[in-house]
Amino acid sequence: MPRGRNVGYSLTAWWGVDLHAAAISSLANVTQTLRVLRRNRARLPLLLVLLALLALVLSGCTTDTPQNTFDTKGEVADAQAKSFLIAMWPAIVIMIGVLGGIVLIALRWRERDPNQPPPKQVHGNTRLEIAWTIAPAVLLLAIGVPMVAQIADLGREPADDAYIINVVGQRYSWLFEYPEEIDSEGKPIQTVNEAHIPVGREVSFQLRSVDVIHSFWVPKLGGKRDVFPCNLVTPEPEAPPTPHGERPPCDGGQMNILWLKADEPGSFSGQCAEYCGLEHARMTMTIHADAQADFDAWVKEKLAGSSGGGN
Amino acid sequence: MATVTVPKRSALAEALAGARHAADTGHGVLSWIATVDHKRIGMLYGISAFLLFLVGGLEALLIRTQLIVPESGVLTSDQYNRLFTMHGVTMVFMVVMPLSAAFFNLLVPLMIGARDVAFPRLNAFSYWSFLGGAIFLNASFFTRDIFSGELGAPDAGWFGYAPLSLPDFTPGHGMDFYALGLQIMGLSSLAGGLNFAVTILNMRAPGMTLFRMPVFVWMTLVTSFLIIFAMPVIAVALFELTFDRLFNANFFNTEAGGNPILWQHMFWLFGHPEVYILILPAFGIISEILPTFSRKPLFGYPFVVFSGIAIGFMSWGVWVHHMYTTGLGTIANSAFGISTILIGVPTGIKIFNWMGTMFGGVIRLRVPMMFAIGAVATFTIGGLSGITHSMVPSDYQQQDSYYVVAHFHYVLFGGAIFALFGGIFYWAPKFTARMFNETLGHVQFWLMMIGFNLTFFPMHISGLLGMPRRIYTYSDGMGWDLWNLMSSIGAFTIAASILVFIANYVYTFVMKRGREAGDDPWDARTLEWSLPSPVPHYNFAEIPQVHSLDDFWHRKYREDAEGNVLPVVAGGAVEVAHGGDGGGHEEAGHGIHLPSPSYFPLIAALGLPVMATGLIYDYAIVPVGAALLVVGLYGWALEPATEED
Amino acid sequence: MAHAATGHLETSTGLDNRKLLMWFFLASDCLFFGSFIAAYLLYRDRSLVGPYPEDLFDIPFTSVSAFVLLMSSVSMVLALAAIQRGNVRGMRIWLFTTAMLGTLFIAGQAYEFTEFYHEGLTLSTNLFGTTFFVLTGFHGAHVTIGVLILLSLFVYSLRGGIQQKDSLNVELAGLYWHFVDIVWIVIFTLIYLVQP
């Protein structure tokens, strides 16, 4: 699997390689967590905390979690899950420190006797202030640096060989259009609420809406991108497919492009993530990632079907 | 203009002056309607905000009831959408902001040693226009047939994203009420912000230098400036929405070439400072409670103050983190990602200093302290979960999921509401002379703490499991059932804790069973505790001379070079504490010229919702509202602020 | 004008409460106009149908009305200077002059709006119509309120309500008036003069 090509992953060494890598998969797999636990006795306390959190997640995982953002099936989602963990680990450590500290201080120095005189009046300590200004700043910048690298990585234009699919969001369904698969009447094949994509190839989703703002989200493949209304400059049916990496211009609104890549075949569910009205909750979709051969077969069948009478 | 002739008194002016006199002397309803006393306005703010808190809470309970199981049919999607919109609008604009305003009003003049705010009638105007706006916006519920289940409230979310908020997609009047109602409440906040900025800068007692001000006053000052600069931005956004909705303008019309992202930029350019408008007053309250109950001065006072100022400045440079997924590009996302991460630094400074304050103290775990500690703890969790999705790539997954809902409830409920309840328990004795029941207070705290975490912690998980916000239902098989069930149980636990608070209120104040408070029940540090409880209407018989930070504490205790505490010789403290007027409050009060009550702020404020109603339903009503506004303003300008003897 | 609650007392900064309030309000108003101007600039040249600014703007005409508003600031300064010297009559004359110049500006704007309307530009024609009318309309509303304040002061002074000691009232009105004037200079420059 082509994991580890993004910067965030190499930085995981900072936080403990085994632990970090295991954390991602263990969010979907309890046995592996236990295995890591056995291997890393030294890090037991940290892992116990992780386990406490994961236990919560995992008890939910006894049922299916078709939109689990940690059960990643593509490199974009992988990178994003790792990005989360880069921030989550220090966050958990600090949380334990601060919350534990507050509770310990409150118990240790609680008033034992109503007549206890006031304590020594300490007004501050400049060195401490400087320390707890600089230390968090350094820590935060330390997680900020890999973040910027990841933003650049995920924010790049889709690869030249990316497979283009036009996505039209409309209240309350998703229309998928395959500009590279033109049928005998010169029209691209279309599907509603279900899309097929080839495995192992970047897919460039060109997102636009015909009404309000939606957001395209298939959690197992990657994070969301908002789908804005876009008043296309050229009338749509006659428009030639836009060259790769170039987005069609809008007179009003904007067009967003999101690239995703599935690492393995499967059906991945997604749904609209920007509130769009009455049936926002029902604006769901399924993305089927097929091996190239299966995908080609599906396209062929679809083309045959549409020229035989349309859909 | 006929009303300009007032120096020679007209019949109307005579009548009003008579009513004004009645209001001045009485304790009846009139005296509250015409009041310009900051303490009474503060209480009006507090009571109104609490009642609206119950409304917003009821909306939350309906939401959680609908989500308790998958595919439940308790609410229709239309009802659900209107309820979550109103829940957000209510809690932000009608609960946390006015509750903070209640504390500004009650405390700021007392803490800086003033007899009132700089502009008492403007203050009354702020309250009445807030109330008018709140009633106006909530009245939208009744614009459809509510008894057959058709709610008329706004339905495009509290964030009102265009183009969903345009009439093509949200027909009906709900969003008109939203745009105009928020406009009115925004004006109210702006008036309040201007008033408190001037009050704090200009009305301080002799010796009360800026760096002797309590942190709460500092946070009020920062909040006031945030309000002064943020409110015009949302005002413009709401005007644009209003023009689009009512007069067919094109600000957000993509057909005409507009881009709805304009709304998002303006909304969040206001919206992120707004977040700190909601939380900074809570920080101020925490910074007052922790020292009192640790019996130590605030650790690192200047650092707490400067970090608050830093947060105020930085809050203007992070708004795009609400818009990471809108496709603004890698450079914008990187820049705003870094600025968002870095806002954790001043926030962390505050948390560490609060811990430093408690460290080595003599900590009294009374109810206000429990709420303050609880607020620090839950806010810490909220802040840290904020860091996790300030990571832009990570936020691509969490944006608009329940993870974000968990985050901001940890910050705004866990941080703000907990601190505000702490403030209520802390300062209620000062204004009512009675103490809330301690046991019921602790019961409320623990119920609320457990209920709060039970409600909102599972939302982190349902969010990470891919549950989007603002969905009125979900199918089973998504793995979200358990988490939603937990959240719903938690929500009802919070409701139970609020019932305990109401019971405590009834026990303490209605049944009058609350213990007599005395003037300084907590052995506190700031000036307001030097006054009798309840605070006399003139506040200070003599304007105090301030010698140090925590001036009142230093009247009671001396500190040697090592920081050891020695009490001031007995008796001295009490005498100084009452400003040396030796119990003659009544006599002392007579020579003081206080601003007279006035009906004009109410009349002017009443004009605003009337005009708004006219804009929506019938332009013929608009001049009526405008006339009220003009009469109110001219009467206000021409009546003498202080009645002559 | 609102009177401060404790106007007799010294303030901590030495500035009168009302003056401080006015400065803060004007700071706030900067963001108000700034936001509308930003919206105008964002949508400049993005209208899909005409009429466009270059079809409508009559720069000489608007220059004259901008000059009128600019002159009203001069008369405002003279009104304040008069009352500060205790010259009530001079103040009345200059206050009235300022109000009339303001009214003239508003009349010019009304004429301009009517012309544009006859040329086919309305609030809903295109992005230009929307952003232009709302921005300049809000500015016009500010000027109108300013004129009302000035006329109120004028009438009030006829009844002896404004003496030398009350010069702050005139000063506050002046602050507001100059601000509105400056905003117009910005609008005139960015919207009328600087054409891409």
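Visitor: What should I know before I start?
Guide: Residues are numbered from 1 along each chain as its sequence is written, while chains are lettered from A and ligands numbered from 1 in the order in which they are written. The model is predicted, so local features need pLDDT of at least 70 and side-chain atom pairs count only at pLDDT 80 or more, whereas totals for chains, interfaces and linings use all residues.

Visitor: What are the ipTM and pTM?
Guide: The model scores ipTM 0.94. Its pTM is 0.90.

Visitor: What is the average pLDDT of chain C?
Guide: It is 91. pLDDT is the predictor's confidence in each residue, from 0 to 100. In chain C, 95% of the residues score at least 70.

Visitor: Where in chain C does pLDDT stay under 50?
Guide: Over residues 1-8. Where pLDDT is low, the predicted coordinates should not be read in detail.

Visitor: How many helices and strands does chain C have?
Guide: Six helices and zero strands. Helices are DSSP runs of H or I with at least four residues, strands are runs of E with at least two, and both are numbered from the N terminus.

Visitor: What box do its C-alpha atoms fill?
Guide: Roughly 60 × 35 × 25 Å for chain C, taken along the principal axes.

Visitor: How much of chain C is buried?
Guide: 43% of its 196 residues. Buried means that 20 or more other C-beta atoms lie within 10 Å of a residue's own; exposed means 12 or fewer, and partly exposed is in between, with C-beta atoms placed from the backbone.

Visitor: Which element of chain C has the highest confidence?
Guide: α4(C), at a mean of 96. The lowest is α2(C), at 90.

Visitor: Tell me about α4(C).
Guide: It covers residues 88-118, which is 31 residues. From first C-alpha to last it reaches 45 Å, close to the 45 Å expected. The expected span is 1.5 Å times one less than the number of residues.

Visitor: Which of its residues are buried?
Guide: Among them are C:Met91, C:Trp94, C:Phe105 and C:Phe116. Their cover includes α2, α3, α5 and α6 of chain C.

Visitor: And what follows α4(C)?
Guide: C:Gly120, with a positive phi near 100°.

Visitor: New topic. How many residues of chains A and B are in contact?
Guide: 84 of chain A with 88 of chain B. Contact means C-beta atoms, placed from the backbone, within 7 Å. α5 (75-108) and β7 (222-227) are among the elements of chain A that each supply at least two residues to that side.

Definitions and conventions:
Contact = placed C-beta atoms within 7 Å.
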